[in-house]
Amino acid sequence: MPLRQSPAPELISQQTLALVRKKINFLPVGYRIVLFLRDIEGIAVTEVAKMLDLNKVNVRIRAHHARAVLEKRLDPLFQRGAL
């Protein structure tokens, strides 16, 4: 009979995901939309640029800035061991 795995890792993963989503929601709208389309939906830079009427460079810049802001907001939580 196989051993049952503890629900703790799944719970931690759900808590981490919820916190990341919360932090994403605090991003400026322009960053949040690009981050969602590029990193979550996996849409190509060219397509995102067309969708948002931006050039490809601006899409890349917004994605980079969104990731940097998100990392800055999440890093203290990972350093403290809160996640």
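Biologist: Why is Glu-47 called partly exposed?

Modeller: Its relative accessible area is 39%. Buried means under 20%, exposed over 50%, and partly exposed in between, with a 1.4 Å probe and protein chains only. Glu-47, at 39%, is therefore partly exposed. This is a predicted model, where local features need pLDDT of at least 70, side-chain atom pairs count only at pLDDT 80 or more, and totals for chains, interfaces and linings use all residues. Residues are numbered from 1 along each chain as its sequence is written, and side-chain values use heavy atoms, with hydrogens and water left out.

Biologist: What makes Lys-50 count as exposed?

Modeller: Lys-50 has 58% relative accessibility, and exposed means over 50%.

Biologist: How do you know that Lys-50 and Glu-47 meet in a salt bridge?

Modeller: A salt bridge is a side-chain nitrogen of Lys or Arg within 4 Å of a carboxyl oxygen of Asp or Glu. For Lys-50 and Glu-47 the N to O distance is 3.8 Å, so the pair qualifies. The two residues are three apart in helix α3 (residues 45-52), which means about one helical turn separates them. An α-helix has 3.6 residues a turn, so residues three or four places apart point the same way. Helices here are DSSP runs (H or I, at least four residues), numbered from the N terminus.

Biologist: How many salt bridges does a search of the whole structure find?

Modeller: Two. Arg-67 also forms one with Asp-39, with the closest N and O atoms 2.8 Å apart. That pair links distant parts of the chain, as Arg-67 lies in helix α4 (residues 56-80) and Asp-39 in helix α2 (residues 29-40), 28 residues apart. Arg-67 is partly exposed at 36% relative accessible area, and Asp-39 is partly exposed at 39%.

Biologist: What makes the span of α2 agree with expectation?

Modeller: The expected span is 1.5 Å times one less than the number of residues. The twelve residues of α2 should therefore span 16 Å, and the end C-alpha atoms are 15 Å apart, which agrees.

Biologist: Which residues of α2 are buried?

Modeller: Val-34, Leu-35 and Leu-37.

Biologist: Which residues of α2 meet α3?

Modeller: Ile-33, Val-34, Leu-37 and Arg-38 in α2 meet Val-45, Val-48, Met-51 and Leu-52 in α3, contact meaning heavy atoms within 4.5 Å. By class, this contact has seven nonpolar, no polar and one charged residues. Nonpolar covers Ala, Val, Leu, Ile, Met, Phe, Trp, Tyr, Cys and Pro, charged covers Asp, Glu, Lys and Arg, and polar the others, Gly among them.
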